[in-house]
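This briefing goes through the fold of the complex shown below, topic by topic. It starts from a packing question and then turns to sheets, helices and confidence.

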Amino acid sequence: MNIVVCSGKGGTGKTTIATSLALSLAEAQHTWYMDCDVEAPNGHIFLHPVMTQKTDAVIQIPHIDSNTCTACGRCVEVCQFHALALVANKVMVFPQLCHGCGSCTWNCPEGAITEMPTPIGSLEYGVTKESIHFEHGMLTISEPMGTPIIRQLKKWKGTGKNAIVVRDSPPGASCPVVATLLGGDFALLVTEPTPFGLHDLKQIVGILEEIKIPAGIIVNRDGIGNDAVDQFAIENKIPIMMRIPYDKSLAAGIASGRTLLDIMPEYRQKFLALFADISSVLNGGAA
Amino acid sequence: MIVIITAQEGTIDSIVNERFGRAPYLIKVDTDSMNWEAFKNASIHHAHGAGIATAQFVIDQKAELVMSGDFGPNAANTLNTAGIIAQIFPQKNMTVKEAAEYLKDNKR
């Protein structure tokens, strides 16, 4: 089962929820934690895995053989990302715009394009002392494109059929978030009851309308802002599955690297109940 | 000389647009005859690579020079490789016609 923790707005508590959910489940379940926030992964700061494996994350960048290329321009035409230009009868490649989609290679009538694996970051795997299988992707600083790393991370280890995988999503509502959500079974939408939280929550709900997986909302910093998130949840029939009150001691604890579960152990039961609710939704019941 | 000038509207009397890749219109002017043709810039809504796509358009139009307010590194690189002169407006808020006349009077 893949549970994706996402938010839209940054800093609402995705990692707080994801790490404590994984820790709560680890006692009884075969649990994986997949940090898909490849631009700024931080799950390891809370879960302390001992990393044992590392591999390059690569993107396939086209290399054009100038002897075979007839400068027909077909590759430039099919590239949706304008990573290629036909200049003075030669094809120029702009690697930083390339998404590694392979359209140019596929469409080249001369077979003049070879894809060269080019490292843009790395993947790491390790186990925590609670036996959580931990993996994350890291985008190299100055590289612009995280999505290929997320796709590679999802395929890398193979988590086994009965595993519960908690995916920590990047913030925002663009390609990396979509890549994290694809193949997920359930989306946990962490938000805060503010106009900003609601605005970005709506964007994620818009993505889910396309991806069509069930979702539930977690309201973090409950008690601040207004009740517009509650209204939105009712109108859109998305259950609010947990509320975490605004609490300065919690913020201070998390800022010093502790998990929600460590600061407030009573949340273990709440997370187990949350998981039971998710399971029942996935088995056809209502949350 | 065939030049392309980035513009706000699709006429020679339009005010120029300072952006290269995301200018709404590209006006192609023959500075010898002052004949002109306007093109809607197809790249303005591209998330990435608008500069390269616009540079490709300029190359395909066989312009010798392009004038705009600024050129990004990818666009500049593409235009350079094609041997097209990329020139910056000599002053703000000119019309396309004034820019074309400036190029005619200050031939490089």
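Against which strands and helices of chain A do the buried residues of H7(A) pack? In this predicted model, they pack against strand E1 (2–6), helix H6 (175–181), strand E9 (186–191), strand E10 (215–222) and helix H8 (228–235) of chain A. The points below place that helix within chain A and then turn to chain B.

**Confidence and overall layout**

- The predictor assigns the complex an ipTM of 0.74 and a pTM of 0.81, while chain B has a mean pLDDT of 93, with 99% of its residues at 70 or more.
- Chain A contains eleven helices and eleven strands, and its C-alpha atoms fill a box of roughly 70 × 45 × 35 Å along the principal axes.
- Of the 287 residues of chain A, 51% count as buried, and among the contacts in this chain with a separation of 6 or more, 73% come from residues 24 or more positions apart.

**The nine-stranded sheet of chain A**

- Chain A holds an open sheet of nine strands with mixed pairing, in the order E3-E6-E7-E2-E8-E1-E9-E10-E11.
- Strand E3 (50–64) and strand E11 (240–245) of chain A stand at the edges with a single partner strand each, so one side of each has no neighbour in the sheet.
- From one strand to the next, the twist of this sheet averages 20 degrees.
- Helix H5 (residues 147–156) of chain A packs on the sheet, where it touches E2, E3, strand E6 (113–127), E7 and strand E8 (164–168) of chain A, and its direction makes about 60 degrees with that of E6(A).

**Strand E2 of chain A and its partners**

- Strand E2 (residues 31–35) of chain A pairs with strand E7 (residues 133–139) of chain A in the parallel sense over four bridges, and E2(A) also pairs with E8(A) in the parallel sense, over five bridges.
- Tyr33(A) stands opposite Phe134(A) in E7(A), and its bridge partner in E8(A) is Val166(A), whereas Met34(A) has Glu135(A) as its bridge partner in E7(A).
- Five of the five residues of E2(A) are buried, so this strand is largely enclosed by the rest of the structure.
- The burial applies to both faces of the strand: Thr31(A), Tyr33(A) and Asp35(A) point one way from E2(A), Trp32(A) and Met34(A) point the other way, and all are buried.

- Helix H7 (residues 195–211) of chain A has 17 residues and reaches 25 Å from its first C-alpha to its last, close to the 24 Å expected at 1.5 Å a residue.
- The buried residues in H7(A) are Gly197(A), Leu198(A), Asp200(A), Leu201(A), Ile204(A), Val205(A), Ile207(A), Leu208(A) and Ile211(A).
- After H7(A) comes Lys212(A), with a positive phi near 60 degrees, and after H11(A) comes Gly284(A), with a positive phi near 100 degrees.
- In H11(A), the residues Tyr267(A), Phe271(A), Leu274(A), Phe275(A), Ile278(A), Ser279(A) and Val281(A) are buried; they cover an arc of only 160 degrees around the axis, which puts them on the same side of H11(A).
- Ser279(A), found in helix H11 of chain A, counts as buried because its relative accessibility is 17%, where the cut-off is under 20%.
- The C-alpha atoms of Ser279(A) and Val91(A) are separated by 52 Å, and these residues lie 188 residues apart along the chain.

**The five-stranded sheet of chain B**

- Chain B has an open sheet of five strands with mixed pairing, in the order E3-E2-E1-E4-E5.
- Its edge strands are strand E3 (35–40) and strand E5 (85–88) of chain B, each of which pairs on one side only.
- With direction ignored, neighbouring strands of this sheet are turned by 20 degrees against each other on average.
- Strand E2 (residues 25–30) of chain B runs antiparallel to E3(B) and is joined to it by six bridges, and Lys28(B) has Glu37(B) as its bridge partner in E3(B).
- Helix H3 (residues 96–105) of chain B lies across strand E1 (2–7), E2, strand E4 (65–68) and E5 of chain B, and runs at about 145 degrees to E1(B).

Methods. Residues are numbered from 1 along each chain as its sequence is written. Chains are lettered from A and ligands numbered from 1 in the order in which they are written. This is a predicted model: local features need pLDDT of at least 70, side-chain atom pairs count only at pLDDT 80 or more; totals for chains, interfaces and linings use all residues. Side-chain values use heavy atoms; hydrogens and water are left out. Buried means under 20% relative accessible area, exposed over 50%, partly exposed in between (1.4 Å probe, protein chains only). Helices (H or I, at least four residues) and strands (E, at least two) are DSSP runs, numbered from the N terminus. The arc is that of the directions from the helix axis to the C-beta atoms. Two strands pair if DSSP finds at least two bridges between them. Axes are lines fitted to C-alpha atoms, for helices over the stretch in contact, and angles run from 0 to 180 degrees between N-to-C directions. Contact means heavy atoms within 4.5 Å. pLDDT is the predictor's confidence in each residue, from 0 to 100. The expected span of a helix is 1.5 Å times one less than its number of residues.
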